[in-house]
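Then we'll walk through its parts together.

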Amino acid sequence: MRIDSPDVEIVGAGITGISAALTLVNAGRRVRVHDARQVAGGASGRNGGFALRGGTMAYDKAREWLGPDNALEYWRLTEEYLDRLAALAGDALRRTGSLRIAADDEERDEIRAEYDALREDGIAAEWRTDVLGGRFPAAIFHPGDAAIQPARLVRRLAVRAADAGVEIVEHHRVASLDELEAPRVIVATDGYPSGLLGDLEGLIIPTRGQMIATVPIAETLFDCPHYGRHGFDYWQQLPDGRVTAGGFRDFAMDSEFTDSEETTPAIQDALELFVAELVGQPVPVAQRWAGIFGLVLDFLPVVGRVPGGERVWVAGGYSGHGNVLGFLCGDLVAKAILGDEHPLLDLFTPARLMHAA
Ligand SMILES: Cc1cc2nc3c(=O)[nH]c(=O)nc-3n(C[C@H](O)[C@H](O)[C@H](O)COP(=O)(O)OP(=O)(O)OC[C@H]3O[C@@H](n4cnc5c(N)ncnc54)[C@H](O)[C@@H]3O)c2cc1C
């Protein structure tokens, strides 16, 4: 649907941009969304499909870094938005829980500190030992987490937005803010360099994530998303039996700070070997792909007005954790534009990155 004189234009039709569009259109605003590709063409349609509560850092670290009240509020908010996402997602989301695995005894002590902090603050979590037949010493089970089909989920939300009156312009790269007519613009491009953020450009660091999907395996080996080694390795088994796995960025860290969506043999081989070890035998790989996410050095999202003017707003920088955070931050940035600013946005302010730079 073509709209005249949009109130807000959004660059990026991933989970963030579509979430923001939904909030704005439901508040009666005229909204146009642009994407250089198509809805969910970026990381929102290429990710591991983990919908996790919480921030990117461990909960005990969040208490230290943000203060206990902020940390608890942050975690509770992500739980609330995960519930909202589940209510909208239909069969694109399964409430499986997730397992945060320790790869060795040292990591077990680390995740035990997180588990203790979660329990002290009344956040649901279960302690597991001898995980996957004793292959891993321990894990935290997060019972409310979910597995999603990310592209399907975002497309579904986009249909909802379009039905409510949002104009979605696909296959159009916005080359300059001058070509947009709305008085407010949201840049929702996470790790993909938009070229629209001025001095903020590059402070959300483009980072590549690579994945593989095997052919279907008849036996159910993993009944929820698993992630370990500080989140460097993650895998799950889809309902049709395929195992998807991603990560191993630390095997070639330098080459992975890039916005190129190419896969590389070093990481693809590591992923293939890892899955063979998990499954107990080599499994043919059916698909390989890469996507880009935005890394921020303090592991906090970047949400709010871009310093230097009133017009441009940003939401992104989820450091590889954007399925729930993108849905949440898209809503928060839209509400802030509507004049209703959530207190957590003080922590997420883009200005902090420019001061640190
Ligand atoms: C391999 C991989 C695995 C991941 N796994 C998980 C996971 O399991 N769980 C999790 O929570 N997170 C995961 N993430 C992170 C998560 O996918 C992202 O943080 C999230 O999807 C970001 O959503 P977004 O809408 O902000 O940005 P994106 O979905 O990346 O969308 C940005 C869009 O902006 C468009 N764009 C950029 N510049 C312009 C321009 N100038 N004009 C027009 N359009 C433009 C791009 O085409 C793109 O479609 C993963 C990421 C990757 C890459």
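Predicted model: local features only at pLDDT ≥ 70, side-chain atom pairs only at ≥ 80, totals over all residues.

Let's start with a distance: the C-alpha centres of domain 2 and domain 3 lie 21 Å apart. Contacts link this pair, with seven residues of domain 2 meeting six residues of domain 3. On domain 2's side, strand S5 (residues 98–102) gives the largest share, five residues. Sorted by class, that side has five nonpolar residues, one polar and one charged.

The chain as a whole is divided into domain 1 (8–47 + 150–199 + 298–356), domain 2 (98–143) and domain 3 (205–295).

## Around the ligand

Now for the ligand, which has 43 residues surrounding it; Gly14, Gly42, Gly48, Gly209 and Gly322 are the closest. Helix H1 (15–26), strand S11 (205–214), strand S15 (285–295) and helix H7 (322–337) each give two or more residues to this shell. By class, the shell holds 23 polar, 15 nonpolar and five charged residues.

Why does the ligand lie between domain 1 and domain 3? Both domains give residues to the shell around it, so that is where it lies.

## A closer look at helix H4

Helix H4 covers residues 105–120.

Which residues of H4 are buried? They are Ile111, Glu114, Tyr115, Ala117 and Leu118. Their arc around the axis is only 165 degrees, which puts them on the same side of H4. Helix H2 (59–66), S5, strand S6 (126–131) and strand S7 (136–142) are among what covers them. The face turned away from that buried side carries exposed Asp105, Glu106, Asp109 and Glu120.

Conventions:
Residues numbered from 1 in each chain as written. Near = placed C-beta within 6 Å. Helix = DSSP H or I, 4+ residues; strand = E, 2+ residues; numbered from the N terminus. Nonpolar A, V, L, I, M, F, W, Y, C, P; charged D, E, K, R; others polar. Domains from an automatic or database assignment. Contact = placed C-beta atoms within 7 Å. Expected span 1.5 Å × (residues − 1). Buried ≥ 20, exposed ≤ 12 C-beta atoms within 10 Å, placed from the backbone. Arc of directions from axis to C-beta.
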